[in-house]
Amino acid sequence: MSQRFDSRHPLVRLVDEVSRLNGRLKSVFAASRQSVGLGDSETMVLNAVVEAERPPTVAQIGRSLGHPRQIVQRAANSLRDAGLIEARDNPDHKRAPILQPTARGTALKRKADMTAESIAESLLPALDLANVREATAALCTIRQQIETRLRDD
């Protein structure tokens, strides 16, 4: 007799669900990455650089996304070599340059976004858009609360 294991802490359950959702979304939106010829890591770093409020460093992207700095650095190097991002001097740190998108990088990101939006539209009949908006807001709030706690520690 099989019973669903449900005695985990709500935050542990959230981690599991977010991991599962991340995997599903990566597979569903793979065509978006493929449309611009980027791999997962390159897409992740380009998104982080283009969408950043302030130009990030490799280490900041790694911490924010939970990826080792070395993986982010390899992707950043690849994007730099392709002319999609550039490294600039960081006034706050001599050895950690900040990353900024080039016009070409921003245009490529927008092209990928257009493909992603088309994919998202195709999913709408199966989704409640209000739930998607609520979940997005809730996840953003949880992330910000965790980041605040980590900064305070």
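**Reading helix packing and the core**

Mentor: Let us start with a pair of helices: α3 and α6 have their axes 10 Å apart and pack at an angle of about 110°. Axes here are lines fitted to C-alpha atoms, for helices over the stretch in contact, and the angles run from 0 to 180 degrees between N-to-C directions. Helices (H or I, at least four residues) and strands (E, at least two) are DSSP runs, numbered from the N terminus. This is a predicted model, where local features need pLDDT of at least 70 and side-chain atom pairs count only at pLDDT 80 or more, while totals for chains, interfaces and linings use all residues. Residues are numbered from 1 along each chain as its sequence is written, and side-chain values use heavy atoms, with hydrogens and water left out.

Trainee: How are α3 and α6 oriented to each other, and why?

Mentor: Two packed helices are described by the angle between their axes and the distance between the axes. Angles under 35 degrees count as roughly parallel, over 145 as roughly antiparallel, 65 to 115 as roughly perpendicular and the rest as oblique. α3 and α6 are therefore roughly perpendicular to each other.

Trainee: Is the crossing of α3 and α6 left-handed or right-handed?

Mentor: A crossing is left-handed if the near helix is turned anticlockwise from the far one by less than a right angle, and right-handed if clockwise. α3 passes α6 in a left-handed crossing.

Trainee: Which residues of α3 and α6 meet?

Mentor: Contact means heavy atoms within 4.5 Å. From α3 come Leu46, Asn47, Val50 and Glu51, and they meet Gly105, Thr106, Leu108, Lys109, Arg110 and Asp113 of α6. Sorted by class, this contact of α3 with α6 has four charged, three nonpolar and three polar residues. In that sorting, Ala, Val, Leu, Ile, Met, Phe, Trp, Tyr, Cys and Pro count as nonpolar, Asp, Glu, Lys and Arg as charged, and the others, Gly among them, as polar.

Trainee: And at what angle do α4 and α5 pack?

Mentor: Their angle is about 125°, with the axes of α4 and α5 8 Å apart. The two helices are therefore oblique to each other, and α4 passes α5 in a right-handed crossing. Val58, Ala59, Ile61 and Gly62 in α4 meet Arg69, Val72, Gln73 and Ala76 in α5. The residues of this contact of α4 with α5 divide into five nonpolar, two polar and one charged.

Trainee: Which residues touch the most other members of the largest nonpolar core?

Mentor: The general idea is that, in soluble globular proteins, nonpolar side chains tend to be buried together. A nonpolar core is a set of buried Ala, Val, Leu, Ile, Met, Phe, Trp, Tyr and Cys residues joined through side-chain atoms within 4.5 Å. Buried means under 20% relative accessible area, exposed over 50%, and partly exposed in between (1.4 Å probe, protein chains only). The largest core here has 18 residues, and those that touch the most other members are Leu38, Val45, Leu46, Leu79, Ile85 and Leu99. Two or more residues each come from α3 (40–51), α4 (58–65), α5 (69–81) and α6 (103–123). The most come from α3, which gives five residues.

Trainee: What does Leu99 contact, leaving aside its neighbours within four places in sequence?

Mentor: Leu99 is in contact with Val49, Pro55, Pro56, Val58, Ile61, Ala76, Ile85, Glu86 and Ala87. Arg80 belongs to helix α5 and is partly exposed, with a relative accessible area of 39%.

Trainee: Is Ala103 buried or exposed?

Mentor: Ala103, found in helix α6, counts as exposed at 67% relative accessibility.

Trainee: Where does Phe29 lie?

Mentor: Phe29 sits in the loop between α1 and α2 (30–36). Leaving aside neighbours within four places in sequence, Phe29 is in contact with Ala116, Ile119, Ala120 and Leu123. Phe29 and Ile119 are 90 residues apart in sequence and 6.8 Å apart in space, C-alpha to C-alpha.

Trainee: Stepping back, how many helices and strands are there in the protein chain?

Mentor: There are seven helices and two strands, running α-α-α-α-α-β-β-α-α from the N terminus on. Of the 153 residues of the protein chain, 22% count as buried.
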